[in-house]
Amino acid sequence: MSEAQILRTVLDRWKSAVDAHEPDRVAACFTDDAIFQGLQPYTVGRAGVAAYYAGQPLGLTAAYGIREIRRLAEDVMLGYLEVEFGFTDRPALIVNLGVLLRRVDGDWLIGHYQVSRLT
């Protein structure tokens with residue numbers, strides 16, 4: 001599988017869970033020790049990811065575009081994306097997202113998630 005296919009597979013799983021407002025399924029896209037930085041203080045681990053997405057409004061959607069991909073090692077990949085988070089009651093929010101994917105027991109998971117908002 002190519003780097004782009006790997007990244008899309010992981011992010012499509014993440015997007016599907018975000019769009020369905022299923023925080024535990026979102027968290028399952030992450031490693032047990034993932035560092036997660038959304039637009040609130042950072043957390044470590046799946047419980048923090050689930051809590052973050054549980055606090056997001058119903059109707060939140062995510063649409064992403066891949067900007068860059070780097071294979072850092074056999075089991076480590078870096079992705080840089082633009083993500084548009086859509087809301088039902090306010091304008092969309094566009095952010096930059098850096099993710100570090102790790103292959104754990106044959107499955108690619110997000111080990112680091114860093115959102116930045118440029119004004």
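Q56 is located in the loop that links helix 3 to strand 3, helices (H or I, at least four residues) and strands (E, at least two) being DSSP runs numbered from the N terminus. The structure is a predicted model, in which local features require pLDDT of at least 70 and side-chain atom pairs count only at pLDDT 80 or more, whereas totals for chains, interfaces and linings use all residues. Residues are numbered from 1 along each chain as its sequence is written, and side-chain values use heavy atoms, with hydrogens and water left out.

Q56 counts as buried because its relative accessibility is 15%, where buried denotes under 20% relative accessible area, exposed over 50% and partly exposed in between (1.4 Å probe, protein chains only). The Q56 side chain approaches the backbone oxygen of Y52 at 3.4 Å. This is a polar contact, defined as a pair of N or O atoms within 3.5 Å; within protein, one must be able to donate a hydrogen and the other to accept it, and residues adjacent in sequence count only if both atoms are side-chain atoms. When neighbours within four places in sequence are set aside, Q56 is in contact (heavy atoms within 4.5 Å) with H21 and Q40.

Grid points are joined across faces, edges and corners, and a volume is the space filled by probe spheres set on the points. The largest pocket holds about 160 Å³. Its lining comprises 13 residues, of which L39, Y52, Q56, F85 and L93 are the closest to the centre. Helix 3 (46-54), strand 5 (93-104) and strand 6 (107-116) are the elements that each give two or more residues to this lining.

Strand 3 (residues 61-73) runs antiparallel to strand 4 (residues 76-86), and 11 bridges join them; strands are taken to pair if DSSP finds at least two bridges between them. The two strands form a hairpin with two residues between them, and R71 lies opposite M77 of strand 4.

Terms used: On a 1 Å grid over the protein atoms alone, a cavity is a set of points where a 1.4 Å probe fits but cannot get out, and a pocket is an open set with protein on both sides within 12 Å along at least five of seven lines; lining residues have an atom within 4 Å of a point.
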